[in-house]
Amino acid sequence: MREQFSEGLKTALKARDKRRTATLRAITSAIKDKDIAIRQENRGPATNEEILAIVQKMVKQREESFAIYAQAGRADLATVEKEEIDILNEFLPKALTEDEIDAAIKAAIASTGAEGAKDMGKVIAQLKVDYPGRIDFGKASGKVRAALAG
């Protein structure tokens, strides 16, 4: 993923795309900050999973800002946030559709042998392993709970 960001940044700089350049610089800066924090733990640079989590967090922050700006009637700032969300989403794996999420939950329940609500953690953990960054677990947890209850 690092290479994708550095290549994207080079392309944005050459194209003089200010928004894309600023957004990609923010990503690379956040990754470097994570690398520094990890170095204190005496291990290597951030993994792709950690980088994915950073980008997802940045998207979530911008979505919250977008909602606040839109509610306050600040279309100019909301537009900036929306553009940054679109740029960040280019680097995230494609999200699963509702039907794919339902199928993934059924498969995870079957593979973990989950039988009730007490096994919900096992199912969520399996989904995180199988579909990193492709499922919104805030929404999926309700579906998992319903599937285990029914």
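1. A crossing is left-handed if the near helix is turned anticlockwise from the far one by less than a right angle, and right-handed if clockwise. Helices here are DSSP runs (H or I, at least four residues), numbered from the N terminus. This is a predicted model, where local features need pLDDT of at least 70, side-chain atom pairs count only at pLDDT 80 or more, and totals for chains, interfaces and linings use all residues. Residues are numbered from 1 along each chain as its sequence is written, and side-chain values use heavy atoms, with hydrogens and water left out.

2. Start with α1 (residues 2-15) and α2. Their axes are 9 Å apart, at an angle of about 150 degrees. Axes are lines fitted to C-alpha atoms, for helices over the stretch in contact, and angles run from 0 to 180 degrees between N-to-C directions. The angle makes α1 roughly antiparallel to α2 (over 145 degrees). The crossing is left-handed. From α1, the contact (heavy atoms within 4.5 Å) uses Arg2, Phe5, Gly8, Leu9, Ala12 and Leu13. Its residues divide into seven nonpolar, three polar and four charged. Ala, Val, Leu, Ile, Met, Phe, Trp, Tyr, Cys and Pro count as nonpolar, Asp, Glu, Lys and Arg as charged, and the others, Gly among them, as polar.

3. Next, α2 (residues 18-39) packs on α3 (residues 48-71). The angle is about 130 degrees and the axes are 10 Å apart. Ala26, Ile27, Ala30, Ile31, Lys34 and Ile38 in α2 meet Glu50, Ile51, Ile54, Val55, Met58 and Arg62 in α3. This contact has nine nonpolar, no polar and three charged residues.

4. On to α3 and α4 (residues 75-89). The axes lie 8 Å apart, at about 160 degrees. That makes α3 roughly antiparallel to α4. The crossing is left-handed. Residues of α3 in this contact include Val55, Met58 and Arg62, which also meet α2. By class, the α3 and α4 contact has ten nonpolar, two polar and five charged residues.

5. Finally, the largest pocket. It holds about 670 Å³ of space. Its lining has 23 residues, with Gln56, Gly133, Ile135, Asp136 and Phe137 nearest the centre. Helices α3, α5 (98-112) and α7 (137-149) each give two or more residues to the lining. By class, the lining has ten nonpolar, four polar and nine charged residues. A pocket is an open set of points on a 1 Å grid over the protein atoms alone, where a 1.4 Å probe fits, with protein on both sides within 12 Å along at least five of seven lines; lining residues have an atom within 4 Å of a point. Grid points are joined across faces, edges and corners, and the volume is the space filled by probe spheres set on them.

How values were computed:
Parallel < 35°, antiparallel > 145°, perpendicular 65-115°, else oblique.
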